Amino acid sequence: MPIRQLPDTLINQIAAGEVVERPASVVKELVENALDAGAHRVEIDLEEGGIRLIRVRDDGGGIPADELPLAISRHATSKIASLDDLEAVATLGFRGEALPSIASVSRFMLASRHTDSDHGAALQVDGGRVGSVTPKAHPTGTTVEVRDLFYNVPARRKFMRAERTEMGHIEEWLRSLALARLDVELRVSHNGRPARRYRGDNMLASTDRLFETLGEEFAKHALRVDHEAAGLRLHGWIAQPVYNRASADQQYLYVNGRSVRDRSVAHAVKQAYSDVLFHGRQPAYVLFLEVDPRTVDVNVHPAKHEVRFRESRLVHDFTYRTLQQALAETRAGMAADVAP
Ligand code: ADP
Ligand code: MG
């Protein structure tokens with residue numbers, strides 16, 4: 001075969017393979033866009049675990065009607081404009097590929113009204129075929145509707161699981177979001193019924209949110225951590241060793257507000273607990289690591305599940321020492337409690 005340029009739709013479908021693994025990835029990308037747009041309230045309507053429908057509505061800044069086609073164009077973003085911006089990026093998105101990817105593998109609708117506009121507009125895309133922008137009544141903010149995910153990619157559709165499994169992945173991701181953004185109200189409905197609601201409230205005691213998301217036992221045994229050194233800050237909660245898990249299901253790590261998996265940090269936490277946990281048991285934690293954005297690369301993977309630290313050793317040791325200290329203090333405290 002001769003070398004040829006692939007059509008845009010196919011390029012987007014290939015990219016979708018990396019960005020969109022399952023309905024939960026769509027929910028993640030859409031809600032992150034809502035947060036980047038400054039939303040205070042996000043409504044998520046799902047049908048059949050998101051397989052049939054994912055609709056995300058927000059009250060953020062919206063998109064001007066004439067920019068709707070750009071929003072679904074590949075490598076088009078309002079979040080960065082230069083390499084300098086990329087190196088200091090503070091938004092969750094920046095690659096400009098989520099919407100075009102999702103729109104290429106679903107029946108897709110984007111409706112929005114920008115804060116500076118009196119009118120809303122909408123744009124329909126069907127499996128990558130883009131319609132024209134039409135007027136549509138819409139409050140300030142944005143709605144994205146994704147129907148029949150992977151309907152045109154049978155190979156991917158096959159990999160979607162039962163409604164309950166997909167719903168479980170969505171709920172897990174929402175928990176991790178709810179822990180990070182106490183200020184945002186999240187409402188979820190599933191098959192027409194209210195399924196979950198996280199109140200958005202800056203005044204909400206963070207321990208209430210811990211209780212809501214991770215349960216009473218975690219909240220009861222949570223130790224507050226907050227330590228700063230060498231330009232790094234680690235804060236959040238770790239569970240006292242008496243509260244531990246059979247699996248790593250309650251380990252939440254955020255780097256500059258972004259939920260990530262990081263082997264080095266996970267190892268540091270594990271090491272800090274090594275003297276106080278039985279072999280094979282897992283610690284539970286919700287930890288926020290704040291670092292200078294210039295010392296961490298967030299552009300490692302299209303789905304942004306991972307980051308790369310410039311000084312990984314420093315981050316590891318800082319995490320280890322902070323948690324080891326916190327755990328040592330409670331042990332000392334508990335010993336003092338039982339002393340005569
Ligand atoms: P990225 O988030 O990486 O910029 P996306 O494909 O997710 O790429 O979105 C493309 C662009 O569309 C964004 O940069 C933003 O300008 C606009 N956009 C997407 N979703 C929303 C939203 N909910 N509210 C406002 N603007 C949005
Ligand atoms: Mg995005």
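What distance separates the centres of domain 1 and domain 2, taken over C-alpha atoms? In this predicted model, the separation of the two centres is 30 Å. The domain assignment places domain 1 at residues 8-198 and domain 2 at residues 207-338.

**Contact between the domains**

The two domains touch through 17 residues of domain 1 and 15 residues of domain 2. On the side of domain 1 that touches domain 2, the elements giving two or more residues are α1 (8-19), α4 (83-87) and α7 (163-180). Of these, α7 gives the most, with five residues. The composition by class of this side of domain 1 is set out below.

| Class | Residues on the side of domain 1 that touches domain 2 |
|---|---|
| Nonpolar | eleven residues |
| Polar | two residues |

**Nonpolar core**

The largest nonpolar core comprises 79 residues, and I102 and L110 are the members with the most contacts inside it. Helix α2 (residues 23-36) supplies the largest share of this core, namely seven residues. Because domain 1 (8-198) and domain 2 (207-338) both give residues to this core, it lies between them.

Which residues are in contact with I102, leaving aside its neighbours within four places in sequence? The contacts of I102 on this basis are A16, V20, V26, E29, F108 and V146.

Definitions and conventions
Residues are numbered from 1 along each chain as its sequence is written. Chains are lettered from A and ligands numbered from 1 in the order in which they are written. This is a predicted model: local features need pLDDT of at least 70, side-chain atom pairs count only at pLDDT 80 or more; totals for chains, interfaces and linings use all residues. Domain bounds come from an automatic or database domain assignment. Two residues are in contact if their C-beta atoms, placed from the backbone, lie within 7 Å. Helices (H or I, at least four residues) and strands (E, at least two) are DSSP runs, numbered from the N terminus. Ala, Val, Leu, Ile, Met, Phe, Trp, Tyr, Cys and Pro count as nonpolar, Asp, Glu, Lys and Arg as charged, and the others, Gly among them, as polar. A nonpolar core is a set of buried Ala, Val, Leu, Ile, Met, Phe, Trp, Tyr and Cys residues joined through C-beta atoms within 7 Å. A residue is buried if 20 or more other C-beta atoms lie within 10 Å of its own, exposed if 12 or fewer, and partly exposed in between; C-beta atoms are placed from the backbone.
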